[in-house]
Amino acid sequence: MNEVWLPPPPALGLAQGDVHVWQIGLERSPTELAKLRGYLNEAEQVRAARYYFERDRNRFTVGRAILRKILGLYLDEDPAGLTFSYGPQGKPALAGKTGLEFNLSNSHQAALLAVTTSNPVGVDIEYQKDNISMSDLVKRFFAPVEIETFNNLPAAQQPEAFFNAWTRKEAYLKACGGGISIGLDRVVVTFVPGEAARIVTIDGSAREAGRWSVAALNPYPDYRAALALESPRFDLKCWQWPD
Ligand SMILES: CC(C)(COP(=O)(O)OP(=O)(O)OC[C@H]1O[C@@H](n2cnc3c(N)ncnc32)[C@H](O)[C@@H]1OP(=O)(O)O)[C@@H](O)C(=O)NCCC(=O)NCCS
């Protein structure tokens with residue numbers, strides 16, 4: 001899918017079955033950063049202060065503040081007043097019954113935020129760094145059938161294939177509220193470059209996989225991303241948060 005990242009319309013309508021994905025640049029001017037910091041609650045400011053590197057602290061601050069601003073737009077509420085609850089493995093959700101589900105992912109200088117109405121959603125963005133040992137990660141985390149497919153690919157296709165697989169698996173696990181500790185090998189996905197994104201099996205079941213959708217996303221250059229939704233179909237719109 002080659003989605004277009006459009007400026008958002010003045011009124012954001014989110015109907016049942018719609019998924020909106022927002023692309024967000026995390027590098028902001030000092031003036032904007034200072035303003036964004038004001039949207040964080042005390043716990044978020046404490047968390048920001050714990051980052052060792054200023055760069056990471058700033059990226060967390062920008063991501064969390066813009067998450068608040070975007071959710072505030074859908075809910076027509078003050079972004080600074082929103083309250084989050086956290087799942088057993090830390091997945092943030094809006095407290096109370098808001099009718100909105102969301103998931104955020106950050107990597108390097110970019111973040112993606114997926115927003116939908118009622119179904120669990122997960123998103124993962126990865127900067128395509130070339131200093132990771134893909135074959136080690138594949139051997140350690142992927143399912144046997146995926147390891148075989150990956151190893152049979154021409155070397156030139158392996159980096160794209162790796163990030164296709166990683167983001168699709170991670171998006172699924174994030175939709176479920178877990179991390180890679182749940183087991184990336186429990187979900188088998190398509191990942192050969194050019195092949196449509198699809199979950200093939202979940203815990204060996206094609207039927208269970210059929211209850212889910214996964215989509216490949218093409219955000220900023222040098223990033224790969226994917227979205228997973230617990231629903232067999234959805235309508236996707238991609239918005240660019242202003243830089
Ligand atoms: C949180 C986790 C699910 C994903 O982490 P990640 O890929 O590093 O980071 P992402 O940016 O995609 O996701 C983090 C965001 O997801 C949300 N999140 C946190 N815990 C979550 C969970 N259990 N489930 C879903 N979403 C979660 C938060 O909004 C978080 O943003 P914040 O840190 O600014 O609060 C983590 O447990 C994990 O599995 N990490 C693996 C990281 C890794 O090895 N990457 C190698 C890539 S090649």
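At what angle do the axes of helix α5 and α6 cross? The axes of α5 (residues 144–151) and α6 come within 10 Å and cross at roughly 160 degrees. That makes α5 roughly antiparallel to α6. Angles over 145 degrees count as roughly antiparallel, those under 35 as roughly parallel, 65 to 115 as roughly perpendicular, and the rest as oblique. Axes here are lines fitted to C-alpha atoms, for helices over the stretch in contact, and angles run from 0 to 180 degrees between N-to-C directions.

The model is predicted: local features need pLDDT of at least 70, side-chain atom pairs count only at pLDDT 80 or more, and totals for chains, interfaces and linings use all residues. Residues are numbered from 1 along each chain as its sequence is written, and side-chain values use heavy atoms, with hydrogens and water left out. Helices (H or I, at least four residues) and strands (E, at least two) are DSSP runs, numbered from the N terminus.

Back to the first pair. The crossing of α5 and α6 is right-handed. A crossing is right-handed if the near helix is turned clockwise from the far one by less than a right angle, and left-handed if anticlockwise. From α5, the contact draws on Glu146, Phe150 and Asn151; from α6, on Gln158, Ala161, Phe162 and Lys169. Contact means heavy atoms within 4.5 Å. Three residues of this contact are nonpolar, two polar and two charged. Ala, Val, Leu, Ile, Met, Phe, Trp, Tyr, Cys and Pro count as nonpolar; Asp, Glu, Lys and Arg count as charged; the others, Gly among them, count as polar.

Is Lys169 buried or exposed? Lys169 is buried, because its relative accessible area is 0%. Buried means under 20% relative accessible area, exposed over 50%, and partly exposed in between (1.4 Å probe, protein chains only). The side chain of Lys169 makes a polar contact of 2.5 Å with the side chain of Glu146. A polar contact is a pair of N or O atoms within 3.5 Å; within protein, one must be able to donate a hydrogen and the other to accept it, and residues adjacent in sequence count only if both atoms are side-chain atoms. Beyond its neighbours within four places in sequence, Lys169 touches Phe142, Ala143, Glu146, Leu184, Asp185, Val187 and Val189.

Helix α6 has another partner. Helix α4 (residues 134–141) packs with α6 at an angle of about 40 degrees, with the axes 11 Å apart. This crossing is left-handed. Met134, Leu137, Val138 and Phe141 of α4 meet Gln158, Pro159, Phe162, Phe163 and Trp166 of α6. Eight of these residues are nonpolar, one is polar and none is charged.

Now turn to α2 (residues 42–50) and α3 (residues 54–75). Their axes lie 8 Å apart, at an angle of about 155 degrees. That makes α2 roughly antiparallel to α3. The crossing is right-handed. Glu44, Arg47, Ala48 and Ala49 in α2 meet Arg57, Phe60, Thr61, Arg64 and Arg68 in α3. By class, the contact has three nonpolar, one polar and five charged residues.

The strands come next. Ile202 sits in β8. Ile202 counts as buried because its relative accessibility is 3%. Its C-alpha atom is 9.0 Å from that of Asp185, 17 residues apart along the chain. Leaving aside neighbours within four places in sequence, Ile202 contacts Tyr172, Arg186, Val187, Glu208, Ala209 and Trp212.

Val121 belongs to β6 (residues 121–127). Val121 is buried, at 0% relative accessibility.

Gln240 lies in β11 (residues 235–240). Gln240 is buried as well, with a relative accessible area of 17%. Its side chain makes a polar contact of 2.4 Å with the side chain of Gln23. Another, of 3.0 Å, joins the side chains of Gln240 and Tyr220.

Most residues other than glycine have a negative phi. Asp203, in the loop between β8 (199–202) and α7 (206–209), has a positive phi near 50 degrees. Asp222 lies in the loop between β9 (213–217) and β10 (223–229). Phi of Asp222 is also positive, at about 75 degrees.
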